[in-house]
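Student: Hi! I have a structure open and would like to talk it through with you. Could you help me get started?

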Amino acid sequence: NSQNLLIKLRNIGFSNINLIPINDLRIGWIVKDRAIDRVLLNGQDNYKKNVAIEYDAKIDIYCEKSVY
């Protein structure tokens with residue numbers, strides 16, 4: 001979930017990480033609370049594997065949030 005990803009990224013050394021809740025879905029069978037919707041790296045979602053990333057790069061984690 002988004003909280004686990006946040007912790008892993010901080011443990012690696014990244015410091016500019018933002019959790020951004022999305023309140024557009026109802027949580028239940030299909031979508032879990034705090035499920036990751038998308039991750040942006042410096043505002044981009046088209047990053048590649050095995051490319052060096054600066055530790056102060058802006059990382060936005062969009063995640064589902066409970067709406068009851």
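Tutor: Happy to! One term before we look around: two strands count as paired if DSSP finds at least two bridges between them. Also keep in mind that this is a predicted model.

Student: Got it. So which residue stands opposite Val39 in S3?

Tutor: That is Ile61. The two strands involved, S2 and S3 (residues 59-64), are joined by five bridges and run antiparallel.

Student: And in what sense do S1 and S3 pair?

Tutor: They pair in the parallel sense, over six bridges. As an example, Asn18 has Asp60 in S3 as its bridge partner.

Student: What holds paired strands together in general?

Tutor: Strands of a sheet pair through backbone hydrogen bonds, and the pairing can be parallel or antiparallel.

Student: Okay, zoom out for me. How many helices and strands are there in the protein?

Tutor: There are one helix and three strands. Starting at the N terminus, the elements run α-β-β-β.

Student: In what order do the strands sit in the sheet?

Tutor: The order is S1-S3-S2, in an open sheet with mixed pairing. Strand S1 (17-22) and strand S2 (36-41) are at the edges with a single partner strand each, so one side of each has no neighbour in the sheet. From one strand to the next, the twist averages 20°.

Student: What about S3, is it mostly covered or mostly open?

Tutor: Mostly covered: six of its six residues are buried. Ile59, Ile61 and Cys63 lie on one side, Asp60, Tyr62 and Glu64 lie on the other, and all of them are buried.

Student: Nice. Switching to the helix: which residues of H1 are buried?

Tutor: Ser2, Leu6 and Leu9. They cover an arc of only 70° around the axis, which puts them on the same side of H1.

Student: What do those buried residues pack against?

Tutor: They pack against S1, S2 and S3. The face of H1 turned away from that buried side carries the exposed residues Lys8, Asn11 and Ile12.

Student: Which residues make up the largest nonpolar core?

Tutor: It has eight residues: Leu6, Leu9, Phe14, Ile17, Leu41, Ala57, Ile59 and Ile61. Helix H1 (2-12) and S3 each supply at least two residues of this core.

Student: Can we pick one of those? What does Leu41 touch?

Tutor: Leaving out residues up to four places away in sequence, Leu41 touches Tyr47, Ile53, Ala57, Lys58 and Ile59.

Student: Lys58 is on that list. Where is Lys58 found?

Tutor: Lys58 is in the loop between S2 and S3. Its relative accessible area is 39%, so it counts as partly exposed. Again leaving out residues up to four places away in sequence, Lys58 touches Asn16, Asn18, Leu40, Leu41 and Asn42.

Student: And how far is Lys58 from Gln44?

Tutor: Their C-alpha atoms are separated by 9.8 Å, and the two residues are 14 residues apart along the chain.

Student: You mentioned Asn42. What is its phi?

Tutor: Phi of Asn42 is near 50°, a positive value in a residue other than glycine. Asn42 sits in the loop between S2 and S3. Asn50 is also found in the loop between S2 and S3, and Asn50 has a positive phi of about 60° although it is not a glycine.

Student: Is Asn50 buried or exposed?

Tutor: Exposed, with a relative accessible area of 82%.

Student: Last topic, the whole protein. What share of the residues is buried?

Tutor: Buried residues make up 25% of the 68 residues. The protein exposes about 5300 Å², with carbon and sulfur atoms supplying 51% of it.

Technical notes. Residues numbered from 1 in each chain as written. Predicted model: local features only at pLDDT ≥ 70, side-chain atom pairs only at ≥ 80, totals over all residues. Heavy atoms only, no water. Helix = DSSP H or I, 4+ residues; strand = E, 2+ residues; numbered from the N terminus. Axes fitted to C-alpha atoms, helices over the stretch in contact; angles between N-to-C directions. Core = buried A, V, L, I, M, F, W, Y, C linked by side-chain atoms within 4.5 Å. Buried < 20%, exposed > 50% of the residue type's maximum accessible area, 1.4 Å probe, protein only. Contact = heavy atoms within 4.5 Å. Areas by Shrake-Rupley, 256 points an atom, 1.4 Å probe, with all protein chains shown as cover. Arc of directions from axis to C-beta.
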